Amino acid sequence: MKVLLILLILTTTVEANNKIIIKGYTNEQICNAIYKAEGGSKAQFPYGIRSVKCESKEACRKVCLNTIRNNRKRFEKDASFGKITFIEFLGSRFCPTKGKLSNAENRLNKNWVKNVNYFLRKDNS
């Protein structure tokens with residue numbers, strides 16, 4: 001029973017000061033980690049945003065934050081909730097490893113979850 005309660009607490013969404021938190025990470029923290037994992041200031045596509053044309057780094061950040069927010073809602077409704085982490089779920093949509101991908105995309109995308117988790121832990125410990 002204690003283990004179930006702990007798992008429930010760890011996977012629960014909490015709203016604090018208008019910031020959505022899952023497992024202790026805000027949308028902003030996840031967005032910052034994605035920015036770094038995608039190459040930071042040296043990236044050709046800020047925040048890895050390639051699906052829409054961004055006029056600025058700030059516009060790409062807004063797209064990234066919207067993607068995170070929308071996928072949190074999907075994650076909570078998805079059957080995989082509790083079976084995979086939110087970052088794994090987000091990665092399957094943000095940076096897929098299945099489908100019609102080039103060899104280069106597949107090679108890069110397979111490290112996305114690991115890299116985002118690295119920057120989340122590094123920058124928020």
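## Pockets and cysteines at a glance

Four helices, α3 (57–77), α4 (86–94), α5 (103–109) and α6 (112–123), each supply at least two residues of the lining of the largest pocket. Please keep in mind that this is a predicted model. The largest pocket has a volume of about 620 Å³, and the second largest pocket holds about 170 Å³ of space. On the cysteine side, the structure has one disulfide, which links C54 and C60.

**The largest pocket**

- How many residues line the largest pocket, and which are the closest to its centre? There are 23 lining residues, and E38, G48, R50, F94 and C95 are the ones closest to the centre.
- Among the contributing elements, α5 gives the largest share of this lining, with four residues.
- Sorted by class, the lining of the largest pocket comprises 12 nonpolar, seven polar and four charged residues.

**The second largest pocket**

- Here is the lining, handy if you want to set up a selection: E88, G91, S92, C95, P96, T97, K98, N109, K110, W112, V113 and K114.
- Two helices, α4 and α6, each supply at least two residues of the lining of the second largest pocket.

**The disulfide**

- The sulfur atoms of C54 and C60 lie 2.4 Å apart, and the pair counts as a disulfide because the cut-off is within 2.5 Å.
- Which hand does the link of C54 and C60 have? The link is right-handed, with 130° about the S-S bond.
- C54 has a relative accessibility of 19%, so this residue counts as buried, given that buried means under 20%.
- C60 also counts as buried, at 3% relative accessibility.

- C31 takes part in no disulfide, and the nearest cysteine sulfur, that of C64, is 3.6 Å away.
- Is C31 buried or exposed? With a relative accessible area of 0%, C31 is buried.
- C64 is likewise in no disulfide, and the nearest cysteine sulfur to that of C64 belongs to C31, 3.6 Å away.
- C64 is buried too, with a relative accessible area of 0%.

Terms used: Residues are numbered from 1 along each chain as its sequence is written. This is a predicted model: local features need pLDDT of at least 70, side-chain atom pairs count only at pLDDT 80 or more; totals for chains, interfaces and linings use all residues. Side-chain values use heavy atoms; hydrogens and water are left out. Buried means under 20% relative accessible area, exposed over 50%, partly exposed in between (1.4 Å probe, protein chains only). On a 1 Å grid over the protein atoms alone, a cavity is a set of points where a 1.4 Å probe fits but cannot get out, and a pocket is an open set with protein on both sides within 12 Å along at least five of seven lines; lining residues have an atom within 4 Å of a point. Grid points are joined across faces, edges and corners, and a volume is the space filled by probe spheres set on the points. Ala, Val, Leu, Ile, Met, Phe, Trp, Tyr, Cys and Pro count as nonpolar, Asp, Glu, Lys and Arg as charged, and the others, Gly among them, as polar.
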